[in-house]
Each structure stands twice: as C-alpha cells, then as structure tokens.
Amino acid sequence: MIDLHGFGDQLLQGAVITLELALSSLFVGLILGLLGASAKLSSVKAFRWIAHAYTTIIRGIPELLTVLIIYFGATTVLMAIAGLFGYDDYIEVGAFAAGVTALGLTFGAYATEVFRGALQSIPTGQHEAAIALGMGPIRKFYRIILPQVWRIALPGLGNLFLVLLKDTALVSVVGLEDIMRKANIAVSSTKQAFLFYLVAAFMYLALTIISMVLVSYMEKRASRGLTRG
Amino acid sequence: MDFSVVVEYFPRLLEGTWVSLQLVVISIVLGGVFALPIALARISPVGWIRAIPFAYIFFFRGTPLLVQIFLVYYGASQFDVVRESFLWPILKEPFWCAIIAFTLNTSAYTAEIFRGAIQAIPEGEVEACKVVGMSKYQMYRRVLLPRAFGIVLPAYGNEIILMLKGSALASTITILDLTGMARTIIARTYTPMEIFLAAGAIYLVISIVIIAIFRQIELRQNRYLGTLSIKVPDKG
C-alpha cells in the first residue's frame, strides 16, 4: 500500500470541499445558463446584447483570471456598495464564495450555448400545443419545454460538468482547502511531490469517472419516454 | 478605480503577453505533432495498441491541468535519478516544464479531435480509395488526412483558445506570463482590479483574433463544399 504519511484523511476532506464547490457552482451555473439562453433568444435587443457580452467575455478570459478577479475584486465592489448604505467595516469574500461565483459564471456562459441550442431544437408545434391546451407561459415552460430541453442538453451539460470539476483545482490558488491545496500542504511537509500530486490526479480521475457514470444514468432516465427508432 | 496604472505598466503586460504567446504556440505545435500518431493508434484495429492511447487520453483529459503542471515541475525533482540525468537542465526550468505539461495535455485533447474527424469521413471515401488501388499510406496522405483537416478546424480553433486560457496556469510555477506579470505588478501597486481587468482584456483580444483567423482558414479549406457545413463532433 502507498504510504501517505497520514495525509490520507486530509486529502479526503479536500475531496469533500472539491465536491461541494463543484455542486454549488453547478447550481449557480445552471440557473445562469437558463437565464442566459432565454436572454439570447429574447425579443428584447438589450437582453440579447447583455447575454452575448456575458458569454463572449467569460469564454475569452482564462478561468484562473476569473477566479482572481472575483476573489480580489469582490471585496472592492462589495465594500463600495456597502459604503453607499453607510456600512464602512471591512468585508472579506471567502475563497469558497469567490470560487462558486467565478466557476458558476464560467459554467453559466458555456451552458448558455448548450441551453440555447436545446431550446431552439424544440419544435414550434410543442409550444403551440401547450398554448392550445390553455397553459400559461410558466406552466408551459415547466411541463412541456424544460423536460425536453433537459434531455437534449444533458450530454453537453455533462461535458461541462467534467470541465467544471477540473476547474475547481484553480480555486486552491486563492487558498481554498480542496484536494489540490491539501496535496500542496502534504508536499511541503513530506517533500514527496510526485507521490502526492499523482494521488491528487487519481482522486480527480475517480471523481470524473463517478460523474460520467451518473451522467450516463441520467441521460438514460431523461430519454426513457422515447421509443427506440 | 484608477486606470492610469494600466497605462504605466502596459509595456510590462505586453512582455507577459509575449511569454504567453510563446507558451501557446510551442505547446500547440508540439501537441499537434504528437497528437497524430496518438489518434492513429487510438483507432487501430489491434486491441492493445488502442488501449495505450486510450489510457493516456483518459488520464490527461480527466485530471486538472494544474495537477499536471505540478506533477512535471515539482514531481520530477522528487527523484534523484531525474536530478542527476541529462534532462535536469530542462526540467529545472519552469518554462520548459510548462511546455512539457501543456504539450502532453493538448496532445491528448487534439488526438481526440483528430480521431473524431478521421472517423467522421464517410466509409465510401475509404472504399473509393481502395478501388482505385491506393496503398494505405497514399489513402491517408491524399484523402483521409486532408479531409480530416477540413473537418477538424472548428474544434481545433477551440482547442487553441482553451490552451491560451490554460496557459494562465503557468503563472503558478513562477513564470511571468500575462497572468504572472499581472500578479507581480499587483504585488507592487495593490491595484488588483485594474491590472487583472487589463490582462483579461488582452486575453479577450487574442481569443477574438484566433477566432477570426480560424474562420478565414475554415472558409478557405472547406470552400469546395459550397454553402454546405459539416457537423463536427463536440469535444468533451
């Protein structure tokens, strides 16, 4: 068995943080993605313009830089806003909150394109049928459109989640105690860099494999209403 | 916010940009060279030849680039054998470690793109090559690879942009690329927002230029198709 010098527990704790970060960012990102896609397909020009600027900027900037901008910038921005309301104490944004914001924004920008493609692939007849049955816009979205969009978007979203899972490692740069940072700590005390980074790599690989299995299960579930043609 | 620091330090940011571009160009070229044999081995009819590139691609696409960089830069020096070998002058330089990590990483992604493209070519074209009596080498050189090149372009353009964004990780191993330079300037001026936003704008401009270049090459390469567009399998 590999000797981890007692850092095994630490690495597992790191894995829990990594998962928490990934799932929280996924949640934020999915909402941003749906909003972004709706805005891109909106008839209001300003919405389309905002969504376009959002996806272009986020997708053109390195994720590491996004994390750094949010981590260092959020404090400045929040304090400026709080200052307007007469609150002058120091506000600090934690690494976790900054990570969720940055990775959520990134996931949302890519998810916008996935959702947009899926929304556009729903035939007009589906919309018309829902309206003919007397459904309002919200009910139509939840009952008719979203389940179909979900099925079409799942493979794309699954890929994005795998990217997100790997991007969580970047938040270790601003001090979040995830797998990567735990590995760094272990390396600085044991000097066994290759061993610990390889263990970290295999932990990410394991998380990737688990996610892939889950996504393929969800894909099967989402398309259970379809008969095989 | 005070953007006069951006003006003052702009030449330094450009120095960093130059390092970033070097990292990207060298890694992309080397990665492309390695990717072709990996892709061809990946579609080999022999089981064990297929297995090796599969494991390679799975490892490099399934783990964070940051781990890969640290494995090369910090990991290699754990072994005395490495430190005494002729490779040490290269492996102690952060720049070359970044190049090695990026090349390995991008070659795995690019190999998958190439594989997808080769497999996207209709079976009929392979059969046609055989009918006119081409050897396997001729078939690849004259038909399959040029066709694959046209199909590959959009995904390959994306990969270059991903590599550009990935190159920011070089800053974590003390390289003064665009991100590294920005962090150094900030350590002196304490103006994180201004400098990071300026660096972000430079990355954005480079991305947009890459997209524009690829759109042009794509139009040229696929002009024989007329207005028809080819569907390219998405990269994971």
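Predicted model: local features only at pLDDT ≥ 70, side-chain atom pairs only at ≥ 80, totals over all residues.
Residues 12-35 of chain A are 100% helix and 0% strand, with the end C-alpha atoms 35 Å apart. Residues 149-174 of chain A are 73% helix and 0% strand, and their end C-alpha atoms are 36 Å apart. Helices (H or I, at least four residues) and strands (E, at least two) are DSSP runs, numbered from the N terminus.

In chain B, an unreviewed UniProt entry places "domain: ABC transmembrane type-1" at residues 17-214. That span is 83% helix and 0% strand, and its end C-alpha atoms lie 20 Å apart.

The contact between the chains involves 30 residues of chain A and 29 residues of chain B, a contact being two residues whose C-beta atoms, placed from the backbone, lie within 7 Å. On the side of chain A that touches chain B, at least two residues each come from helix 2 (45-60), helix 3 (63-84), helix 6 (137-167), helix 7 (179-190) and helix 8 (193-222). Helix 8 of chain A gives the most, with nine residues. By class, this side of chain A comprises 22 nonpolar, six polar and two charged residues. Ala, Val, Leu, Ile, Met, Phe, Trp, Tyr, Cys and Pro count as nonpolar, Asp, Glu, Lys and Arg as charged, and the others, Gly among them, as polar.

The predictor gives the complex an ipTM of 0.89 and a pTM of 0.89.

Local features need pLDDT of at least 70 and side-chain atom pairs count only at pLDDT 80 or more, whereas totals for chains, interfaces and linings use all residues. Residues are numbered from 1 along each chain as its sequence is written, and chains are lettered from A and ligands numbered from 1 in the order in which they are written.

Terms used. UniProt positions renumbered as here; feature names shortened; annotations may be inferred.
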